[in-house]
Amino acid sequence: MSAQHPPSGEPVVDGPSDPELDPTASYALEPRYTARLTARVFATSGESVELRSPLDGAPLAHLPQSSDADVAEAFARARRAQQAWARTPLDERAALLLRLHDVVLDRQDEILDLIVRESGKARKHAFDEPLHIALTARYYARTAAGHLGPRRRRGVVPGLTRVDLHRVPKGVVGVISPWNYPFTMALCDGLPALLAGNAVVAKPDAQSMLTALLGAELLEQAGLPRDLWQVVAGPGPRVGAAIVEHADHVCFTGSTATGRIVARGCAERLIGCSLELGGKNPMLVLRDADPERAAEGAVRAAFSNAGQLCVSAERLFVADQVYDRFVDRFVARTEAMTLGATLDWDNDMGSLVSQRQLDTVTAHVEDAVAKGARVLTGGRARPDLAPYFFEPTVLEGVTPEMTCFGQETFGPVVSVYRFHDEADAVARANEGDYGLNASVYSRDGRRARALARQLRCGTVNVNEAFAATFASIDAPMGGMRQSGMGRRQGADGIHRYTEPQSVATQRVVRFAPMLGMSEEAHARVMTANLRLMKKLGRT
Ligand code: NAD
């Protein structure tokens, strides 16, 4: 079976001799089902690439590929549909998201099956995705008027200058998403864009295209006119660049290196972009932490979705006083995990997504071991479980010369470091260029929150791995430094898709000398007025 795997883990471009999809392979999908989904790709090129499951290499689908002209046409259609959508009352747009909430929960089993087949992750980690989309849909639907409704702003002349602030949709938003949380990443940034009156052209990663297409089907089932959510497919550098060329705003999630390319393209066109990028996230276990609770959290922090999670912890800094107990419990809990690549709920960790991910993870571990790191548990690929499976791995003695010290592994590999002094732990946690997520474990919430303020990360979770911030949709989520620009979630997550427009109406007085007053006298009156306003405490 492994001979069929594309060597890089990338989908294989079809050639005339490619075998037909074999529906008898264990994780293959019903061809009529995949045909229904792939028909949603806006593509007329006649080309396709084959997609296989990381569970067992089973062929899943032939994905149509969009040409540059297809991307341009997808934007043109989305742009036309957006005109009417922007005039649709806000409560109708919000009602659509509430219907999507229910559709996602109703079709949850189908969503989970597809995510697991396409990504190889454990079903319990796949569940985080419909959960996150339901939370996002409900949050934005229920807060739509607060975020988007017209607002009054203070005018310069109290009572006589009326200022109304409107939120104008930007137009068509391009959403470029990665494969790691295929359902969440394909939908969560587009939902607030839609609610704000925009259309979306989505370019999901090739490896997660079917799940993203199912998301588009669910939106239509919830009542969204089809042209408002276009899906295009093709190689990232070409189709991603075409998205940047046509969009009015780009929401990109992926690696820092690609984010930089997208930002350059957006700068050239003077359009906005929001970038959700990589991380090398620290977890701090303070001297008063409960080692058992911290170990339980560390397992989720490091091994959810086999560590292929932007907010997962790859560096654990543990206080001397609890180090031995914590490491003992963490290793024991890691070794007790059930590993497997199957559709059921039994696995605590599933497979990596591709050969490329397996190569990176293997290289990071081999490099660390060759340079003197100790493997406390794990450390090996497990092709007996699935072609790209790698064991959850805990390293000790990792030093700056090792690749995994500062580079994102994006796999189930975590390094444990001892610290004696909290200030030193904070300084080490802040090392490097990233600043996405952190977690702090302590029995003293106040102390942990004070320490959190010293961490240069966009989100910090106290006594939780990452879910407390990620699932709190009212709170902005994103990275400082090279982990991103802009935020998803909360007010920031929807305002990025709007242009604020201020409309001021002036009554009675004019901004010019009145009643035959000279310019000089007018300036004196205005100066006196400025002094008075300050005295009265006005803003
Ligand atoms: P990637 O940057 O290679 O690809 C991400 C997306 O960009 C894909 O759809 C890809 O096709 C597209 N793309 C590739 N080249 C492009 C180009 N030149 N122009 C435009 N688009 C292009 O990322 P990846 O390695 O597939 O994903 C993993 C990375 O994503 C990790 O670094 C991870 O930390 C990050 N990530 C971040 C978040 C977050 O919220 N901060 C979430 C998930 C993943």
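Helices (H or I, at least four residues) and strands (E, at least two) are DSSP runs, numbered from the N terminus.

1. **Basis.** This is a predicted model, in which local features need pLDDT of at least 70 and side-chain atom pairs count only at pLDDT 80 or more, while totals for chains, interfaces and linings use all residues. Residues are numbered from 1 along each chain as its sequence is written, and side-chain values use heavy atoms, with hydrogens and water left out.

2. **Glu391.** Glu391 sits in the loop between strand S13 (374–377) and strand S14 (393–396). Glu391 is buried, at 8% relative accessible area. Buried means under 20% relative accessible area, exposed over 50%, and partly exposed in between (1.4 Å probe, protein chains only). The Glu391 side chain makes a polar contact with the side chain of Arg380, at 2.7 Å. A polar contact is a pair of N or O atoms within 3.5 Å; within protein, one must be able to donate a hydrogen and the other to accept it, and residues adjacent in sequence count only if both atoms are side-chain atoms. Neighbours within four places in sequence aside, Glu391 is in contact (heavy atoms within 4.5 Å) with residues including Leu339, Met349, Arg382 and Pro412.

3. **Domains.** The protein divides into domain 1 (44–53 + 65–277) and domain 2 (281–478). These bounds come from an automatic or database domain assignment. The domain centres, taken over C-alpha atoms, are 30 Å apart. Domain 1 puts 26 residues into the contact, and domain 2 puts in 28.

4. **Interface area.** About 2300 Å² is buried between domain 1 and domain 2, with 61% of it from carbon and sulfur atoms. Buried area is the accessible area (1.4 Å probe) that two parts lose on being put together, summed over both.

5. The side chains of Lys124 and Asp348 meet in a salt bridge, 2.9 Å from N to O. The term means a side-chain nitrogen of Lys or Arg within 4 Å of a carboxyl oxygen of Asp or Glu. The two domains also have 7 residue pairs in polar contact (both at pLDDT 80 or more).

6. **The domain 1 side.** Helices H4 (108–119), H5 (123–126) and H6 (128–148) each supply at least two residues of the side of domain 1 that touches domain 2. H4 gives the most, with 6 residues.

7. **Pro237.** Pro237 lies in helix H10 (residues 236–246). Pro237 counts as exposed because its relative accessibility is 74%. Pro237 and Ala122 are 115 residues apart in sequence and 30 Å apart in space, C-alpha to C-alpha.
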